[in-house]
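Colleague: Could you walk me through the pockets and ligands here? I'd like to learn how to read them.

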Amino acid sequence: MISKTESYKQLLVPEKMPQHVAIIMDGNGRWAKKKNRPRLFGHSQGVKSVRNVVEASVEIGVKHLTLYAFSLENWNRPQSEVSGLMSLMISTIQKEFKTLHKNNVRIKLVGNLALLPTSVKEKVFETERITQNNTAMTLNIALSYGSQWEIAEAAKKIAIDVSQNKISPDDITPESFSQYLLTSHSPDPELLIRTSGEFRISNFLLYQMAYTELYFTDTLWPDFGKEAFYEAIYHFQQRERRFGKISEQLPSNSNQ
Ligand code: IPE
Ligand code: IPE
Ligand code: MG
């Protein structure tokens, strides 16, 4: 534990900074319920946390941030919640876009965008286009996203490339496969954070998270601020990532 006046940010080691952090932003509905407010109020308060983690990522030099905003399964929620979330998506992009662009953030949408209402689609494509050459950080927004769908789509594209003789079946490797995924422009995440005390992955980045460190916190998403983010990264930096090896083989423990 650290003292109240100290920040986890001061304890972070730049050499161990994750390049890519992924977050399952969960708990908006429960947060609102506790306050006797409608679920959508929870979602709109969750936007503040998004702003905070994006800012915090830029501050500490995380180069890729992937936020799970809406899953393919979330289409099955009550229609009023779905349309409320879509409106929130548009207004948030509209509101935040200028600052993000000014801060040199590239925005990428990952998901089955064909399912989105035209108004949302237009907004997100425009945002992607305008920010495409920004270099400070890549913000991936997983919207209408499902990992099994993404993997099946990748398999489909590979099958097409094989049938058109663009690649041979022997070219298919774990590395080349990942180039067919929607996140091919980002390295695999080193750290996954899930808020709200749920211990599951909910169809998120299944292929990309083969060796990701998992961090679960009870904090509900609207309460997740910069300090909570730094704390998660601090805990990540304490972990020993062995990738199948034993401790003694790791560079940090070698005496040679
Ligand atoms: C996460 O919060 C946001 C979305 C899935 C869109 P939830 O809406 O899942 O909140 P809980 O889990 O019901 O508290
Ligand atoms: C996962 O949250 C998807 C997002 C955070 C966008 P859910 O709240 O939909 O997940 P489950 O269904 O409880 O696993
Ligand atoms: Mg939830």
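Colleague: How much space lies in the largest pocket?

Modeller: First, the ground rules: this is a predicted model, where local features need pLDDT of at least 70 and side-chain atom pairs count only at pLDDT 80 or more, while totals for chains, interfaces and linings use all residues. Residues are numbered from 1 along each chain as its sequence is written, chains are lettered from A and ligands numbered from 1 in the order in which they are written, and side-chain values use heavy atoms, with hydrogens and water left out.

Modeller: Now the general idea: rolling a probe the size of a water molecule over the atoms shows where empty space is left. A pocket is an open set of points, on a 1 Å grid over the protein atoms alone, where a 1.4 Å probe fits, with protein on both sides within 12 Å along at least five of seven lines; lining residues have an atom within 4 Å of a point. In this model the largest pocket holds about 1000 Å³ of space (the volume filled by probe spheres set on the points, which are joined across faces, edges and corners). Its lining has 48 residues, and M25, N28, V50, Y68 and A69 are the closest to the centre.

Colleague: Which element gives the most to the lining of the largest pocket?

Modeller: That's α4, with 10 residues. Elements are DSSP runs numbered from the N terminus: helices are H or I of at least four residues, strands are E of at least two. Those supplying at least two lining residues include α2 (28–34), α3 (39–60), β2 (64–71) and α4 (79–102).

Colleague: And what is the lining of the largest pocket like by class?

Modeller: There are 24 nonpolar, 12 polar and 12 charged residues. Here Ala, Val, Leu, Ile, Met, Phe, Trp, Tyr, Cys and Pro count as nonpolar, Asp, Glu, Lys and Arg as charged, and the others, Gly among them, as polar.

Colleague: Where does ligand 1 sit?

Modeller: In the largest pocket, and "sits" asks that more than half of a molecule's atoms lie within 2 Å of the pocket's grid points. α2 and α3 each give two or more residues to the shell around ligand 1, and α2 has the largest share, three residues. A residue joins such a shell if one of its heavy atoms lies within 4 Å of the ligand; among those around ligand 1 are R30, R39, H43 and L85.

Colleague: Which polar contacts does ligand 1 have with G27, N28 and G29?

Modeller: A polar contact with a ligand is a pair of N or O atoms within 3.5 Å. Backbone N or O atoms lie 3.4 Å from a ligand 1 oxygen for G27 and 2.9 Å for G29, while a polar backbone atom of N28 is 3.1 Å from one. The protein covers 86% of the 380 Å² of accessible area that ligand 1 has on its own, by the Shrake-Rupley method with a 1.4 Å probe.

How values were computed:
Polar contact = N/O pair within 3.5 Å; in protein donor to acceptor, adjacent residues only side chain to side chain.
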